[in-house]
Number of protein chains: 2
Amino acid sequence: MRISALEEYGIRCLLALAENGVRGQASIAEIAEREGISVPYASKLLAILRKAGLVAAVRGRSGGFSISREPKDINLLEVITALGGPLMDEEHCQKYSGQLEECIHTGDCSVMNVLGGLAGYISDYLASNTLEDIMSGNVLNQAKQVNMNEKPAESSPRVDRNLTVLNKRIG
Amino acid sequence: MRISALEEYGIRCLLALAENGVRGQASIAEIAEREGISVPYASKLLAILRKAGLVAAVRGRSGGFSISREPKDINLLEVITALGGPLMDEEHCQKYSGQLEECIHTGDCSVMNVLGGLAGYISDYLASNTLEDIMSGNVLNQAKQVNMNEKPAESSPRVDRNLTVLNKRIG
DNA sequence: AAAAATGTTTACAAAATAGTAAAGTATTTG
DNA sequence: CAAATACTTTACTATTTTGTAAACATTTTT
């Protein structure tokens, strides 16, 4: 489970454009140099971002790329999804249930419960951070779990529990 | 950003052994059949889990694998780390700062702030869920953010904020 | 209109991951 | 001790991801 190269560089390139503002413009060559990646790779990256509607391109001699929305209106979930697809798609079970016809953990699938929960958890984090947050250093730091109740007794393993997570913006 | 195949199947195989209990034993062939994967692939998978100390192997005619600790004492962070490495290692910046000598976003790196925060966030989730939690369907569901304060004014972008995240165990 | 600058597309090469195959080592059973 | 069973290791193939290259299309400038 890792951040892919495309995701990492995509965020960086988008931030570079975001700092230029919606009106500003930068060429592929400029972005590539600034981020230290090759021009062809930057081309590929920016094409993906353009098709996702995150940046706008102008061709021709005085062309270039600009960010298509204000940084505060672009969150990381949209960016990551554009660059690396969803964290967990519909085909996940079909793909990872092995070679059996139907998922062996059919019905109440415990693995899906925890991995689906993880995906939702991550999505929440990503959706909560905009490009503007990142630029201003105002991002969600990792959750610090306090008031973590002890595990429920074995005799009643399905008791619902609440636990408060204290998040703090770092700056 | 995805769950890798090794991680997915590794969790499943480990769960299969966990359901057998610390005393129980299962052969590669049995596990492979149960999970619908090939015997060679299950071999590779279980070898990784053994080297990580998560399962114990007994050779010979009446050999097989067993889980080396109680399910309540094995959390997902350990499993995921064993199967797919850490979410973000020390070389991350070196690897993804492009071809420049030093990271272009040196010092106060905004990208690292948000991605490091994400990694910590995910680690917290994984560390909070044990194999026993998964087996009993007692896993953390995705965070549902309530009391989300509005963004700070542009004039004071670095104001710290707290936001309460309500997590709920599903069952 | 020609040339230069710039984005677009397609194809290809390299590296990492996923999955398979086979030969080897250890233990039990008769 | 010999054969059967089961884990171990190494090597290999296939697929996906990463990154590069080159030809193409569009706009501006002269």
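A crossing of two helices is called left-handed if the near helix is turned anticlockwise from the far one by less than a right angle, and right-handed if it is turned clockwise. In the predicted model described here, helix H1(A) passes helix H2(A) in a right-handed crossing. The axes of H1, residues 5-20 of chain A, and H2, residues 28-35 of chain A, come within 10 Å and cross at roughly 115 degrees. On the side of H1(A) the contact is made by Arg12(A), Cys13(A), Ala16(A), Leu17(A) and Glu19(A), while H2(A) contributes Ile31(A), Arg34(A) and Glu35(A). Sorted by class, this contact holds four nonpolar and four charged residues, with no polar residue.

Five aromatic pairs are found over all chains in a search of the whole structure. For Tyr9(A) and Tyr41(A), the ring centres are 5.8 Å apart and the planes stand at 85 degrees, so the pair is edge-to-face. This pair links distant parts of the chain, with Tyr9(A) in helix H1 of chain A and Tyr41(A) in helix H3 of chain A, 32 residues apart.

DNA strand C is surrounded by 24 residues, of which the closest are Arg50(A), Arg59(A), Ser38(B), Lys44(B) and Arg59(B). Of the atoms of DNA strand C that come within 4 Å of the protein, 76% are accounted for by sugar and phosphate. At least two residues of the surface near this strand are supplied by each of helix H3 (39-51), strand E1 (55-58) and strand E2 (64-67) of chain A, and by helix H3 (39-51) of chain B; H3(B) gives the most, with three residues. Polar contacts include a polar side-chain atom of Tyr41(B) at 2.9 Å from a phosphate oxygen of DNA strand C, and a polar backbone atom of Arg61(B) at 3.2 Å from a base oxygen of DNA strand C.

DNA strand D is likewise surrounded by 24 residues, the closest being Ser38(A), Tyr41(A), Lys44(A), Arg59(A) and Arg59(B). Sugar or phosphate makes up 79% of the atoms of DNA strand D within 4 Å of the protein, and the rest belong to bases. The largest share of the surface near DNA strand D, three residues, comes from H3(A), and by class this surface has eight nonpolar, nine polar and seven charged residues.

Methods
Residues numbered from 1 in each chain as written. Chains lettered and ligands numbered in written order. Predicted model: local features only at pLDDT ≥ 70, side-chain atom pairs only at ≥ 80, totals over all residues. Heavy atoms only, no water. Near = heavy atom within 4 Å. Polar contact = N/O pair within 3.5 Å; in protein donor to acceptor, adjacent residues only side chain to side chain. Helix = DSSP H or I, 4+ residues; strand = E, 2+ residues; numbered from the N terminus. Axes fitted to C-alpha atoms, helices over the stretch in contact; angles between N-to-C directions. Contact = heavy atoms within 4.5 Å. Nonpolar A, V, L, I, M, F, W, Y, C, P; charged D, E, K, R; others polar. Phe/Tyr/Trp six-rings, centres within 6.5 Å; stacked < 30°, edge-to-face > 60°.
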